[in-house]
Amino acid sequence: MIHFTKMHGLGNDFVVIDAIHQTPDLDPESIKKLADRHFGIGFDQLLLVEKPVSANADFKYRIFNADGGEVSQCGNGARCFARFVRDKGLSAKDEVRVDTDAGQLLLKFDDDGLITVNMGIPRHHPAEIPLRADQEADSYQVIADGETYTFGAVSMGNPHAVLLVADVDTAPVAEAGCLLESHPIFPARANIGFMQIVDRSHIKLRVYERGAAETLACGSGACAAAVIAIERGLVDPSVEVTLPGGSLRIRWAGRGEPVLMTGPAISVFEGTINP
Ligand SMILES: N[C@@H](CCC[C@H](N)C(=O)O)C(=O)O
């Protein structure tokens, strides 16, 4: 039996498993089955808490999308990871350092019960995203199904493309998101954000996630959208990003600086999986 906790960050939901005191043997096919909302538990991502790899880290954080693929970044999951290790008595620290495949993340409990994640320094070079383009640009264009799409791109430890739209509520998230997520211009696929600028301190965003389709919130997507909007001078360095599941505060001081993301992390229920 594998014990798990069902958690969410703004409705982006997770199954979180302590893989230090248990040895879950979950291959991509079984993760996909568990992620199914009708025949399984249902989740956007599965998170594993493992022993650290580096001497200065407290844990290792592994992330699997609902399609079973392992990825290297998940912002909402990082806040849930911090809540999980505290609730389970695995760490009493106010700051938790975790190894991920995209580098280290620093997770900090704030006085108001929210959690701030240092999401690291965004990467803009096409090769680092990865994106098939000769050189870095403010915006890129791609044709899919006869339609031209213009987007900004950045890596937050995972690939993001962000399209500017007039109204997120009517944006073609499912159709265009699905086309672009696996377009050959993104060799590792990508998360596709649809961003509406409300004013200089507020963005509205919907994200079609790689390997999970549209979610109620995407933390790394919120960081990517904020970075692109800040770089274009459309918003201030501290911005509220409202997603269908709620809002995050994103702060970024510019190139070479890390992105800080603040938001909630909620435990919903405990359960066991009989593999
Ligand atoms: N929901 C996440 C991102 C999860 C991974 C993403 N789908 C990917 O494949 O890169 C977040 O909150 O950042």
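**A guided reading of the predicted model**

Helices, numbered from the N terminus like the strands, are DSSP runs of H or I with at least four residues, and strands are runs of E with at least two. This is a predicted model, in which local features need pLDDT of at least 70 and side-chain atom pairs count only at pLDDT 80 or more, while totals for chains, interfaces and linings use all residues. Residues are numbered from 1 along each chain as its sequence is written.

The ligand is surrounded by 20 residues, the closest being Asn76, Asn158, Arg210, Gly219 and Ser220; a residue is near a molecule if its C-beta atom, placed from the backbone, lies within 6 Å of it. Helix 2 (75-87) and helix 4 each supply at least two residues of this shell. By class, the shell holds four nonpolar, 13 polar and three charged residues. Here Ala, Val, Leu, Ile, Met, Phe, Trp, Tyr, Cys and Pro count as nonpolar, Asp, Glu, Lys and Arg as charged, and the others, Gly among them, as polar.

The protein as a whole has four helices and 18 strands. Buried residues account for 45% of the 275 residues. A residue is buried if 20 or more other C-beta atoms lie within 10 Å of its own, exposed if 12 or fewer, and partly exposed in between, with C-beta atoms placed from the backbone.

The largest nonpolar core has 82 residues, of which Val16, Phe81, Ala222, Ala225 and Ala226 touch the most other members. Helix 4 (residues 219-231) gives the most to this core, with nine residues. Such a core is a set of buried Ala, Val, Leu, Ile, Met, Phe, Trp, Tyr and Cys residues joined through C-beta atoms within 7 Å. Beyond its neighbours within four places in sequence, Ala225 is in contact with Val162, Gly193, Met195, Ile203, Leu205 and Val241; contact requires C-beta atoms, placed from the backbone, within 7 Å.

In helix 3 (residues 173-181), the buried residues are Val173, Ala176, Gly177, Leu180 and Glu181. Viewed down the helix 3 axis, these fall within an arc of 125 degrees, so they line one face of the helix; the arc is that of the directions from the helix axis to the C-beta atoms. The general rule is that an α-helix has 3.6 residues a turn, so residues three or four places apart point the same way. Their cover includes strand 12 (191-199) and strand 13 (202-209). Ile192 lies in strand 12 and is buried, with 30 other C-beta atoms within 10 Å. Among the contacts of Ile192, leaving aside neighbours within four places in sequence, are Gly177, Leu180, Glu181 and Val207.

Helix 1 (residues 28-35) has Ile31, Leu34 and Ala35 buried. Down the helix 1 axis, its buried residues fall within an arc of 100 degrees, so they line one face. What covers them includes strand 2 (12-18), strand 3 (45-50), strand 4 (59-65) and strand 18 (266-273).

Asn118, in strand 8 (residues 115-118), is partly exposed, with 17 other C-beta atoms within 10 Å. Apart from residues up to four places away in sequence, Asn118 touches Leu105, Leu106, Pro258 and Leu260.

Note on methods: Two residues are in contact if their C-beta atoms, placed from the backbone, lie within 7 Å.
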